[in-house]
Amino acid sequence: MSRAAPGLARDLPWVGARDPWAVLVSEVMLQQTPAARVAGPWRAFLDLYPTPAALAAAPLSEVLTAWRGLGYHRRARDLQRAAVALVERHDGRVPESVEALRALAGVGEYTARAVAAFAFGARVAVVDTNVARVLARAVAGRPLAAREAREEAAALLGRRDPRRFNQAMIDLGAVFCAARPRCASCPLARVCAWRAAGGEDPAPASAHVTRRQAPFAGSDRQWRGRAIERLRHGPATAAEMHRHLAGLEPARRRRVLEGLVADGLVTKAREGFALAGAPRVAR
Ligand code: SF4
C-alpha cells in the first residue's frame, strides 16, 4: 500500500498509514527530524501512545523519554498539548478539516494539510521543502512565494488522488529534485522548466525551501538534548547539572537550563532540576 507514484515510493513505514493519529504523530516528528531517524521512534511512540487519550494521560517526563533521538523537544510538549485538546474538544479523535487541525499546538499549515490529505484523503495539496523545490524548478522555472507555490500545487493536484499525488511530489523532491538535483535520472527531466531554460537555480530563493541549518555540534540544541538526556535518568541537583554541562561557559549553561525551564520541559526547585510533567488528564 503506497501513497507514491510507481517506482518512486521510499520504504518509509508511515507511507500508506491511514490512522489519523499515526499520521499526525509522523508528521510532527518529520517536521525537524530526517525521515531515516523517525522510523524507529515513530513505531515505539505509537506502541506507547496508540491514541490521543493515551498521550494526554501520560506524564510529560515519560513523553520526553519516548521522544529520545528526535531532538527539538518542544514538539513533544506541543504534541501532548494537542492530544489534550483532541480529548477535550474532539472526543479523542483527530479532526479532518485543515482549520481544526491548525488550531492544535505545534500544527502549522504544512502539517495540517498533510494530515488532511494523507489520513483523510482531503483534496488539498501539501507543500513541504521537497515539493517547493519541484514546483520552483520543474513547474515555474523561477522562485515562488508561499502563496504561488500553494496555488501551483493545487492546480497540479486537480482531480488526481490527493494521497498518491502529494506523496509522489514529496518523493520526487526527496529522491531526485534534492538540494543537489539528480536531473539525469529524474522522470521530469524532459518537461522541467528550469532544465530547459537554464540559469540560476530558482529553488533556494523560494518560500518553504529549507535554508542550511546551523551546525548541530556545539549548538544550544545539542546542549539542551544533553541536559534532557541526563534528566531522563532522574532528577539532578543544580551542581550535578552544571557539572554535566561543564563543556559550556557558565552564562551559556544557565541560558540552556533556563530555556528548558521556560519552555516547560524541565522544572526547577530548590533541590535541583527534573523533567516536567504530571499527568494532564486522569487515566
Ligand atoms: S529535471 Fe532536475 S531540476 Fe528538474 S525536476 Fe528533475 S531533478 Fe529537479
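Start by selecting helix H7, residues 109-120 (helices are DSSP runs of H or I, at least four residues, numbered from the N terminus). Its buried residues pack against helix H1 (20-30), helix H6 (98-102) and helix H10 (162-176), where contact means C-beta atoms, placed from the backbone, within 7 Å. You're in a predicted model, so local features need pLDDT of at least 70 and side-chain atom pairs 80 or more, while totals for chains, interfaces and linings use all residues. Residues are numbered from 1 along each chain as its sequence is written.

Now color H7 by burial: Thr111, Arg113 and Phe118 are among its buried residues (20 or more other C-beta atoms within 10 Å of a residue's own). With 9 of 12 residues buried, H7 is largely enclosed by the rest of the structure. Step just past H7 to Gly121, which has a positive phi of about 70°.

Next, show H8 (129-140) and H9 (146-157), packed at about 75° with axes 10 Å apart; axes are lines fitted to C-alpha atoms over the stretch in contact, and angles run from 0 to 180 degrees between N-to-C directions. That makes the pair roughly perpendicular (65 to 115 degrees). Pick out Val131, Ala132, Leu135, Val139 and Ala140 in H8, which meet Ala149, Glu152 and Ala153 in H9.

Finish at the ligand. Of the 14 residues around it, Cys177, Pro181, Cys183, Cys186 and Cys192 come nearest (a residue counts as near if its C-beta atom, placed from the backbone, lies within 6 Å). H8 turns up again here, giving the largest share of the shell, 3 residues.

Definitions and conventions. Helix = DSSP H or I, 4+ residues; strand = E, 2+ residues; numbered from the N terminus. Parallel < 35°, antiparallel > 145°, perpendicular 65-115°, else oblique. Contact = placed C-beta atoms within 7 Å. Expected span 1.5 Å × (residues − 1).
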